[in-house]
Structure formats: C-alpha cells, structure tokens
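Keep the viewer open as you read.

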Amino acid sequence: MGRAEALERIIGSAGSQLGLRLFDGTRAGPDDAEVTIDVRSPRAFNYLATAPGQLGLARAYVMGDLDVEGDLYTALGYLADADFQAPLSEKLRLMRELGGLSLLRRPPRPPQEVRLRGRLHSRERDQQAISHHYDVSNLFYSWLLGPSMTYTCAVYPTATATLEEAQRTKYDLVARKLDLQPGMRLLDVGCGWGGMVLHAAQHYGVRVLGVTLSRRQAEWGQKAIADAGLTDIAEIRHLDYRDVADEKYDAISSIGLTEHIGLKQLPAYFQFLLRRLRPGGRLLNHCITEPSNKQSVVREGFISRYIFPDGELTGVGRLVSEMHDNGFEVRHEENLREHYAMTTAAWATNLDRHWPESVNEVGVATARIWRLYLAGVRMGFERNDIQLHQVLGVKVHRGGRSDMPLRPTWAS
C-alpha cells in the first residue's frame with residue numbers, strides 16, 4: 001500500500017470525496033474530486049505526527065508542505081466530517097508505512113506562531129497580543145475588510161446585501177440599542193480602526209472617545225476622523241481601556257473586545273465600565289462566544305497560536321451572569337452567528353481578490369494563515385461551534401428607573 005492510500009485510510013470517510021496527491025507521485029481518492037489535498041513534502045507528515053489535529057495541519061499548510069487544490073473551505077468541510085478513527089494496531093501500521101519513527105522528529109514551527117511572555121492578561125502582555133493580531137499592516141487589512149475597515153461581525157439586512165451595507169447596518173443597530181442622541185458622550189472600548197466612532201459622530205452627532213491597544217489602528221482612525229472633519233467631536237487614542245479617565249459617559253460600546261479580556265478579568269471589566277456610565281446609561285457588549293458555558297479555554301490550537309493569542313471565549317450565559325452580577329440590568333440579547341458566517345465569507349472573497357498583493361505585503365505564510373483562519377471560522381459559525389452575541393445592559397438609577405422603552409425601538 002502506498003503512502004497516499006495510507007493517508008486515505010487515516011482520513012476515513014472523507015477519503016472517498018477528497019483527492020490526495022503526494023510528493024512521491026502516489027495518488028488516492030476519486031479522479032474527479034472537487035478538492036485535492038497536495039502533500040508536497042515528507043515534512044508534512046512530521047507536522048501531522050508531532051502536533052495532531054488542527055495545529056499539525058495548520059503548521060504544514062502555513063509552511064507550504066501541504067496545500068489544497070480547489071476551494072479551501074470545501075476541503076475543510078470534508079475534513080471536519082472525517083472520523084479519523086482506527087484501532088491502535090492499525091495506527092501503528094500506518095505510521096510505519098508513512099515513515100516510521102522518523103515521523104516523530106519535530107520540524108521547525110512556523111515563525112508566525114506566537115508565544116507571548118509575561119503574566120497572562122497583564123497590561124504588557126495584552127499589548128503584545130493585540131499588536132500581534134492588529135498591527136500586521138493597515139494596507140493588508142484594507143484589502144481584507146473593505147472600505148469600512150471593520151473587523152467585527154456585520155449584520156446583513158438581506159441575504160444579498162453587500163459587506164459595506166451590512167457593516168453600516170451593524171453600527172446603526174448598536175447606535176439604536178444605545179439610544180444615541182446628539183450631544184451624548186459615547187465611549188467605544190476596543191474601537192479598532194474607528195468604525196463605530198465615525199458612525200456615531202457622523203450620523204448621531206455624538207461626542208465619541210475610542211480607545212485601542214493597537215497603535216496602527218489608532219493612527220489610521222485618527223486620520224479618518226480628520227479626513228471626515230470630525231476632530232471637534234471624535235477622537236481615537238492608543239490607550240488601554242483600563243486607563244480611561246474616571247469620567248461619565250451616556251453610553252459605552254464594546255464591539256469585539258471581550259474576547260481579549262480573559263475570563264478571570266470579566267468581573268473587573270464590567271465593574272470598570274459600569275463606573276464610567278451615568279445612571280440610565282447603556283452598555284452594548286458584542287462578542288464571539290462558545291455555544292455553551294461548558295467548554296474550556298483552548299490555548300494550544302491554531303487560533304490561539306496564530307490569530308488571537310490569549311483570547312478566551314465563554315458561553316453567553318456566563319457573560320450575561322457576569323454583567324448582571326456586576327451591576328448591570330440586562331435588557332436584551334441576540335445571537336448573530338449566521339451573520340458572522342456571511343461576514344467571514346465576504347472577507348475570504350476579498351482576500352482571494354487581493355491575493356497577489358496581500359502575499360507581497362505580508363508574506364505568503366501570513367496570507368495563508370488568514371485564508372485558513374477565515375475558512376475555518378466561517379465553518380465554525382455555520383456549524384454552531386461558535387456564536388456571536390450582542391448583550392445590552394443598563395445602569396439603573398437609584399430606585400430602579402432604567403430609562404428603557406417598554407418595548408425595543410431598534411427592531412426592524
């Protein structure tokens with residue numbers, strides 16, 4: 001039996017749909033396969049053997065030892081359904097056929113794989129984590145994200161809406177949930193490139209402060225504010241949210257920051273935001289979550305090593321409880337996971353459209369990391385492996401007055 005056939009047996013049920021092509025010329029799978037896995041080097045087997053599962057596959061793909069001919073998202077769908085089951089005796093036999101004990105030699109890790117130093121979720125380490133992810137290249141992100149430079153879940157008003165229409169809809173939904181009115185003060189923590197800051201200032205006449213730990217985001221956002229002629233009411237600072245002055249705001253938006261906070265830090269996070277709100281002020285917390293509260297934090301997987309170092313997700317039930325137990329009255333919640341699947345699909349299309357220039361800007365390995373990430377996370381949202389929730393809370397007045405409407409006024 002050749003190596004290709006051995007690999008086909010490891011894959012199991014997916015092997016009947018995937019084509020397999022190996023560096024030694026052997027092939028397996030259907031001749032007319034929609035997608036072919038191309039194993040370009042024996043080192044790919046070392047990656048798979050020394051880091052089983054998604055991390056080994058990711059390392060081999062990032063380093064170019066394994067490639068996909070055809071649509072990567074489709075390939076991941078087949079592999080996600082593979083059983084990868086075999087008795088131990090069969091696994092040992094397959095191991096001998098694929099290279100024996102030489103498979104256990106550890107190949108070099110891709111240099112893009114991050115290992116942070118310092119105490120988890122200290123200010124210094126959080127700065128490292130955010131810089132790793134967001135300070136890649138503003139030009140690259142402009143190709144990936146489109147003109148809005150929005151790296152969070154869009155809200156699609158229709159299935160045929162464009163990404164830009166969906167991102168505007170998202171910002172407007174946040175603004176309406178917060179009941180933004182001219183002259184109000186809004187704090188946007190983890191503001192990214194300033195999409196919410198710009199939207200609130202331009203369309204609602206709100207005075208906005210956005211803060212981000214990414215220096216490149218802050219620089220880009222400040223220029224966008226100046227170009228829009230909004231410097232009198234809008235500002236973005238390169239600042240840890242914990243260093244925001246003790247002032248009172250009418251509303252706070254947290255769009256995509258909670259994932260970086262750390263589970264043990266959630267009580268202090270919500271207490272801090274509560275102290276920055278006036279009575280009757282609202283918090284809109286928008287973040288990726290696990291589908292339940294039972295999952296443990298994964299620190300050794302592909303996303304933790306390459307995309308969101310130190311990121312920690314939990315179920316929406318825990319987030320609601322943390323908000324409630326730390327002073328907020330929770331008034332509304334919704335799950336937008338299908339919208340995030342559509343958003344990541346649009347980003348992947350953008351990346352493919354700008355593939356040559358993206359490779360030239362950030363390097364082929366980093367570009368491949370993003371292609372793999374977007375395909376995988378899209379599948380995660382579609383299959384309910386991850387979710388995206390918006391939770392709205394209010395700081396009630398003494399005596400219990402909430403200033404909330406009797407029924408939601410933001411529903412379309």
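How many helices and strands make up the secondary structure of the protein chain? There are 17 helices and 11 strands. Note that this is a predicted model. The protein chain has 412 residues, and 55% of them count as buried. Among its contacts with a separation of 6 or more, 71% join residues 24 or more positions apart.

Now pick out helix H15, residues 337-353. Its 17 residues should span 24 Å at 1.5 Å a residue, and the end C-alpha atoms are 25 Å apart, so the two values agree. Several H15 residues are buried, including Tyr-340, Trp-347 and Leu-351.

Tyr-340 and Trp-347 also belong to an aromatic cluster.

One is tilted: Tyr-141 and Tyr-151, 6.0 Å centre to centre, with 50° between the planes. Tyr-141 lies in helix H7 and Tyr-151 in the loop between H7 and H8, so the pair ties together parts 10 residues apart in sequence. Both Tyr-141 and Tyr-151 are buried.

Tyr-241 and Tyr-269 pair edge-to-face, at 5.3 Å and 90°. This pair links the loop between strands E7 and E8 to helix H12, 28 residues apart. Tyr-241 and Tyr-269 are both buried.

Rings meet charges too. The charged end of Arg-276 sits over the ring of Phe-272, 3.9 Å from its centre. Arg-378 lies over the face of Tyr-73, 3.7 Å from the ring centre.

Technical notes: Residues numbered from 1 in each chain as written. Predicted model: local features only at pLDDT ≥ 70, side-chain atom pairs only at ≥ 80, totals over all residues. Heavy atoms only, no water. Helix = DSSP H or I, 4+ residues; strand = E, 2+ residues; numbered from the N terminus. Buried < 20%, exposed > 50% of the residue type's maximum accessible area, 1.4 Å probe, protein only. Contact = heavy atoms within 4.5 Å. Expected span 1.5 Å × (residues − 1). Phe/Tyr/Trp six-rings, centres within 6.5 Å; stacked < 30°, edge-to-face > 60°. Lys NZ or Arg CZ within 6 Å of the ring centre and 35° of its normal.
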